[in-house]
Every structure is written in structure tokens, then in C-alpha cells.
Amino acid sequence: MTSRHLSPPISGPSRRTVVKAAAATAVAAPVLGAATTARAADGPAFLHGIASGDPLPDGILLWTRVTPAPDAVPGSGRGADTAVRWEVAGDKEFTRVVARGTTVATAASDHTVKADVRGLSPATTYWFRFSAGDGTGTFSPTGRTRTAPAAGAATPGVRFGVVSCANWESGFFSPYRHLAARADLDAVLHLGDYIYEYASGSYPDAEYVVRPHEPKHEILTLADYRTRHGNYKTDSDLQALHATHPVIAIWDDHEFANDAWSGGAENHTPGTEGSWADRAAGAKQAYFEWMPVRASTEGTVHRRLRFGNLADLHLLDLRTFRSQQSTIGNGSVDDPDRTITGRAQLDWLKSGLAGSDATWKLVGTSVMISPVAFGSVPAHLLEPLAELLGLPTEGLAVNVDQWDGYTDDRKELIAHLRDRSITNTVFLTGDIHMAWANDVPVKAATYPLSASAATEFVVTSVTSDNLDDILHVAPQTVSVVAAAAVKAANRHVKWVDLDSHGYGVLDVTAERSQMDYYAVSDKTKRDATSAWTRSYRTLSGTQKVERVDHPVH
């Protein structure tokens, strides 16, 4: 498997995540505490927390995993069928229960359960919990969630936490804790790379591992993916996030394997790691078992959620249908037969954007749509910057895993926005472990003379390595030079932060969409603090980003 290793000086696998990785009033979260729940030695327990997701005006999706016996660990296939009760209330004391039901946790679903609760009131906060066991019962922690505004309702504002790229081995999930401590969010949008598939010590290198993966080996089978998901959901900060806000999630590549496409992945070797179809099927099954996500159609995460008359949120699946990434330099990035979305999904997106009567059209895309070119970069920064952005070290201006590698789909989508006079489209993006604020140009080469068709806010990683991490240098050193070079070559890029780990808070009103960027003090510290760094907004009708000198809160 020598194809997976970079040339010196960067050690470790050549998988693009190493590549791309090289690169408000606060209140106590309503989680009742520990990751584990009291139980008898042989009784059921809720060891992996609770969650809600995909809010609708009249409903919410609830999730948990019950451990029926100590040996029924994730991925084991062991454990008896267990009845699980759920209830939703209008108060945290559960004196006003508004919905309840029973389901069964079985080994066939890794003892995960979901309840798609309907009949709720719009724009309303609810509390929920689960219980299992005999007449005495074992209760889960209590969670808080919120439904979406009614579809046509006048909605003064919605606010989302925005995160992506949480590598367990790279650090602690304190950005999740800080988002859980906010009482002002309608939901949290997770833009992919919720888990990572690597073997322990592969990314980052073993000497920089903060805490080891489970299982230790690279995950390949359904049982492996279940075990990795289960390990993630023992994290107390992740549990707090899920117990406090509904999460709206899409996947990127690492929920499968690095640089995944419809028929394979860079980080998959069929001869030694089995068939890609089997691996992808296991990864998808585990994802839908362990995440509070409704599948729009079988085996995909593209779907649309509405928040009153203010915003439609279009969520994309950019792994299931895409063509294989182009070979660098062969010109195929412009091939109209190659696709990142697939024909049906692109048509679905275009139709949804054109038919939307919401003020804002938000698009959750796991990889960056704005073009990125290299200008004159100092030699000592060319390789690490290229690796961070997923570019060849020679500096060729294309990132073949992002929309830059599928330019025909991008041209068609941008032309659609222009031809149909669709305004207020904002792309929300993760993937590359940096924060960006971009105009999305009609023609990047002639921008700013060329118009901007949309805007894009990219959030940095929760923990996954950035430029400072891979070079092992202090913030605001080499990153200052690198950021200046990126901006000089890309006039539509208004800001790029190569240093931080953290999260975003997107606040949407009729007048503007504003992204507030927050950074944590040290991803290797469980008690890391959080601080605001920058804010950018798009005023309604402008299709441009501008800096704001303070966050919404």
C-alpha cells in the first residue's frame, strides 16, 4: 500500500485528509451529566447519549443507543432485543408529556433506535428522554430539542451552529461543548467528517495522537464502522451537543474513506481491503444507525429543510454519485461527462433553488465550491499549502476533490443562479480545516469585474490538522504569508484563517446572513476556552460578503 504515503518531508499517509489537514447568552447545557447512566450490573444502560435531528415544523427525529448487557458493545452483534420507551414533553420535569411511544433495540441495528415524532408545535422547545428495562426502568439523560418554524410563517431569524472535521486522535471536542452551552441556536449543522476511518497513528502521526481511536485498525467492515461511531459517542462534549440542540448532518469522505467517490476511494485497496461496495454499504448502514438523520432516498443524505419563510436549507451528498477524481493535469476537470453531484441531485438542487420563495437559499456542501488558484507562493510554503488545499505540490490551480475538479457541474449551477435571477444563495462548507469568507464568482479569472453569483462561508475543523499542526509551528507565523498568497491569487476570497480550530454561528435575518467565527484556545486541552475571531455577512440582494466588526452576540 505504498501509494498511500507522501514523499518527504511530510510523513504519513498520502490520503487527502492528511493533505487537506496539513494544512448569545451562554447557559449550562441541559445534559444531566455523565456519559454513563446508573444501572444494575446486568441491566440496560444508555452509554452513548441521546440525540435529536432534522427538525420539521411538526416533528423531530430522536435517537439513542441502549446497551442491554455489558458485553453488547457497539459492533459486537451481541445483546438481547430490548424494549425502549421514549417521551417528549413541554417541560424538562416531564409534567406535560405531549408524545410517547415504544420501539425495540436489536442487534440488527446495533441496538440503536430512532423515533420520528410528529404532531408537535412549530418553533417550540421540547425535552425528551428514553427508558429501558423492567418495571423499575433505566432512564437516559434528558435532552432538549426544537422544532422548525411553520413553513410559511414570518420568521424574524434563525441561528445555526456550524461545524465539520472532528478527528478523534487530533484533539478534544471542545467546540461541541461551547456550542452546547448556547441557548440561542435553532440547530447545529454538521458538514461532514463526523468520524475518521484511519488506523491509530496514521493521521496524525503516532507521536501527535492526543487520544487513540477504537478500533485501533483502519475501519473496513460494518462492525468496524459501528465501533468507531460508538467510540465517538462516548465523548462527553459530543454527547452534550446532541443532548442540547437538534443536529442536521451530511457526510463527507471520512465517514467512508478518504477521497471517496461512487466506485471507490483513494484510501481503499480492493485487493487487500475487500470490495468497495461492501465497505461503502457497511459505512452507510452504520451512519444511518448512529446518526439522527433521515435518509431522503435510500442510501443518501441529500434533503431539504425549511425554516419558515426565511430560509430553505438544501443539503448535498457529494460522495455517493460523484465520478472518480481527475488525474492531475490531464484536463478532465472540465469534462461534461464527469460529475460531483450526479445528474438527478443537480437537477433536484436547481429545481429547489428556482422554486424557493424563502428569503435565503442556504446550501450545505461538504467541499468548497469557490475556485482556488495559487499565485506566487514562497518555495518553503508551496508544498504544505498545496497539501492543505489538496493541490499538487507543483502548484497547479485545481483541487480535484472539490468543485474545482468538476467544473462543468459548477458552471451549470452558477449559470442557473444567474439565468433565473436567484439571489441570496449562501453555500455553507467544511472539509479543508480552514475558515474562509468568499464571493462565488461567475468568472474567477475576471473577478471583480465579473459578477458574484452567491457567497460561501467555510468553517474550520473541530480538531483535524491545519497548516500550523502539520508544520508544527506557532499560529500567525507561516500562516500570515500563506494567507496573503492565497488572497492575492483569488480576489473573491475576502478572508482565510489557516490557524484556528473551532466553529461558526450563522445568524440569518431578512436583511442579512452573518457568520461569526469562533476559535478554541488549544485543541489538545479538554477544557479549552473559546473566543470570537471574525465575522462576515452577506446583505440581502448583494451576493457579496463584507466584514463586520462584532458578532451577533
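## Backbone exceptions, salt bridges and aromatic contacts

At 15% relative accessibility, arginine 294 counts as buried, because the cut-off for that class is under 20%. This residue belongs to a predicted model, in which 30 salt bridges and 18 aromatic pairs are found.

**Backbone geometry**

- Most residues other than glycine have a negative phi, and most peptide bonds are trans.
- The peptide bond that leads from glutamate 214 into proline 215 is cis, with omega near -10 degrees, and proline 215 is placed in the loop between strand S10 (187–190) and helix H3 (222–232).
- Tyrosine 447 and proline 448 are likewise joined by a cis peptide bond, with omega about 15 degrees, and proline 448 falls in the loop that runs between strand S16 (435–441) and strand S17 (452–458).
- Aspartate 54 has a positive phi, near 50 degrees, although it is not a glycine; this residue is part of strand S1 (residues 50–56) and, with a relative accessible area of 1%, is buried.

**Salt bridges**

- Aspartate 116 and arginine 294 meet through their side chains in a salt bridge, at 2.8 Å from N to O. Because aspartate 116 belongs to strand S5 (residues 112–117) and arginine 294 to the loop between helix H6 (276–290) and strand S12 (303–307), the pair ties together parts that are 178 residues apart in sequence.
- Arginine 226 and glutamate 289 form a salt bridge in which the closest N and O atoms are 2.7 Å apart. With arginine 226 in helix H3 and glutamate 289 in helix H6, the pair links distant parts of the chain, 63 residues apart, and both residues are buried.
- Lysine 350 and glutamate 412 are bridged with their closest N and O atoms 2.8 Å apart. This pair links helix H7 (residues 343–355), which holds lysine 350, to helix H9 (residues 407–419), which holds glutamate 412, across 62 residues; lysine 350 is buried at 17% relative accessibility, while glutamate 412 is partly exposed at 22%.
- A network of salt bridges links Arg159, Arg182, Asp184, Asp507 and Arg512.

**Aromatic rings and the charge above them**

- The rings of tryptophan 495 and tyrosine 517 have centres 4.8 Å apart and planes at 65 degrees, so the pair is edge-to-face. Tryptophan 495 lies in strand S18 (residues 493–497) and tyrosine 517 in strand S20 (residues 512–520), so that parts of the chain 22 residues apart are linked, and both residues are buried.
- One aromatic cluster is made up of Trp168, Phe173, Tyr176, Tyr194 and Tyr232.
- Arginine 211 places its charged end over the ring of tryptophan 168, 3.7 Å from the centre of that ring, and arginine 211 also lies over the face of phenylalanine 173, at 4.6 Å from the ring centre.

Key:
Residues numbered from 1 in each chain as written. Predicted model: local features only at pLDDT ≥ 70, side-chain atom pairs only at ≥ 80, totals over all residues. Heavy atoms only, no water. Helix = DSSP H or I, 4+ residues; strand = E, 2+ residues; numbered from the N terminus. Buried < 20%, exposed > 50% of the residue type's maximum accessible area, 1.4 Å probe, protein only. Salt bridge = Lys/Arg side-chain N within 4 Å of Asp/Glu carboxyl O. Phe/Tyr/Trp six-rings, centres within 6.5 Å; stacked < 30°, edge-to-face > 60°. Lys NZ or Arg CZ within 6 Å of the ring centre and 35° of its normal.
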